[in-house]
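These are my notebook entries on a single protein chain. I record below what I looked up, entry by entry.

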Amino acid sequence: MVKITDVARHAGVSPSTVSYVLSGKRPISEETRQRVEASIRELGYRPHAGARALASSRSNVLALVVPLRAGIHVPVVMQFAVSVVTTARRHDHDVLLLTQEEGEDGLRRVADTALVDGFVVMDVQLDDPRLPLLRSLERPSVMIGFPADAEGLTCIDLDFKAAGEACVEHLARLGHRVVALVGSPPEVYVRQTAFAQRVVQGFTAAAARGHLASSVHPCEATPAAAREAAERLLREHPALTGVVVHNEAILEPLVDAFEQLGLRVPTDLSVTAICPDELAENLRVPLTSVALPSAEVGERAVELLMRKLDSKTAPEATLLPPRMTERASTAPRNTP
């Protein structure tokens with residue numbers, strides 16, 4: 001096993017100089033630092049995690065807080081998680097995944113130890129009970145999502161309000177005058193989950209601006225619920241020609257249900273979605289969609305957290321603009 005003394009001997013410096021290069025506790029000349037780092041790479045030296053933590057007062061571990069609550073679409077959540085883990089490793093950090101629905105207690109339990117350097121927090125609610133604790137912690141945090149009051153917090157997410165607006169505006173440009181949002185499971189709205197509420201806000205605002213008849217329908221994430229939603233929509237809104245879907249699990253069964261009920265997509269009914277690109281483009285009828293940029297959001301969340309850990313300025317709010325791709329599921333309204 002390569003020791004710090006081996007690195008020092010190879011680089012022609014003292015062991016304390018190698019330690020200072022690793023910890024950053026004292027300024028070291030650029031030439032010396034590069035020589036030490038070259039020796040570390042050549043010898044394959046890896047500092048002991050415990051010793052490194054003691055030297056730097058860091059654990060080199062980030063916490064990813066993802067309460068796996070009812071109504072969450074786990075495959076999409078895991079896309080965010082993979083991006084966070086991959087980016088953290090590029091910064092020589094591991095990730096501790098916190099999935100229990102413990103809310104503030106779970107955060108405090110971890111924050112009261114030296115287990116992690118900072119937090120990436122998901123499944124943000126408009127009035128999130130974790131906010132007071134996150135504002136008071138000595139350890140930095142980044143939220144993937146925007147609560148109603150984001151003052152003093154660092155938040156990043158897709159601009160879901162603009163995404164909802166973009167879907168409606170696309171349908172309006174195609175001449176559709178009666179539209180519906182088939183949204184997340186009811187419990188997601190009951191919790192006031194921020195991203196779902198923002199989509200509703202954008203959808204209803206754009207429909208009102210365009211003088212479109214509109215309605216919002218939460219839907220459980222099952223094929224049976226998708227079928228029931230399609231039947232109810234056609235019964236209550238017989239002039240419906242445009243649908244926005246914000247519920248990844250029911251995309252395919254919902255399109256199938258509409259077609260089984262006699263509506264061809266896109267000839268009779270145009271469908272848009274907010275979902276990952278790979279899901280939209282691989283359905284039987286490829287869907288016009290606003291991409292869910294999970295990889296970019298996860299990566300940038302970690303980058304923001306690393307800036308805060310390095311005492312650098314980080315923007316408090318980062319909203320990614322929606323990116324829509326038109327596919328085969330939308331067309332001009334079919335007028336008799």
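**Entry 1. Strand β3 and its partners.** I began with the pairing of β3 and strand β4 (residues 141–144), which run parallel and are joined by 3 bridges. The model is a predicted one, and I read every entry with that in mind. Within this pairing I noted that phenylalanine 119 has serine 141 of β4 as its bridge partner. I then turned to strand β1 (residues 61–65), which pairs with β3 in the parallel sense over 4 bridges. Here valine 65 has valine 121 of β3 as its bridge partner.

Which way do the residues of β3 point? I found that Gly118 and Val120 point one way from the strand, which spans residues 118–121, whereas Phe119 and Val121 point the other way. In a regular strand the side chains alternate between the two faces of the sheet. I also noted that all four named residues of β3 are buried.

**Entry 2. The open sheet.** I next looked up a sheet of 6 strands, which is open and has mixed pairing. I wrote down its order as β7-β6-β8-β9-β10-β12. The edges are held by β7 (213–218) and β12 (324–325). Each of these has a single partner strand, so one side of each lacks a neighbour in the sheet.

For β12, I checked the pairing with strand β10 (residues 288–291), which is antiparallel and extends over 2 bridges. Serine 289 has threonine 325 in β12 as its bridge partner. I then recorded that helix α8 (residues 160–173) packs on the sheet. Helix α8 touches β6 (178–183), β8 (242–245), β9 (270–275), β10 and β12, and its direction makes about 165° with that of β9. I also looked up helix α12 (residues 251–260), which lies across β6, β8 and β9 and runs at about 160° to β8.

**Entry 3. Serine 289.** Leaving out residues up to four places away in sequence, I listed what serine 289 touches: Ala273, Cys275, Asp277, Ala280, Arg323, Met324, Thr325 and Arg327. Thr325 in this list is also the bridge partner noted in the previous entry.

**Entry 4. Valine 302.** I found valine 302 in helix α14 (residues 294–309). Valine 302 is buried as well, because its relative accessible area is 0%. Which residues is valine 302 in contact with, leaving aside its neighbours within four places in sequence? I recorded Leu62, Val84, Thr87, Ala88 and His91. Histidine 91 is 211 residues from valine 302 along the chain, yet I found their C-alpha atoms separated by 9.0 Å.

**Entry 5. The whole chain.** The protein chain has 14 helices and 12 strands, and 49% of its 336 residues count as buried. Its C-alpha atoms fill a box of roughly 85 × 40 × 35 Å along the principal axes. Among contacts between residues at least 6 apart in sequence, 72% join residues at least 24 apart.

Notes: Residues numbered from 1 in each chain as written. Predicted model: local features only at pLDDT ≥ 70, side-chain atom pairs only at ≥ 80, totals over all residues. Heavy atoms only, no water. Buried < 20%, exposed > 50% of the residue type's maximum accessible area, 1.4 Å probe, protein only. Contact = heavy atoms within 4.5 Å. Pairing = 2+ DSSP bridges. Axes fitted to C-alpha atoms, helices over the stretch in contact; angles between N-to-C directions.
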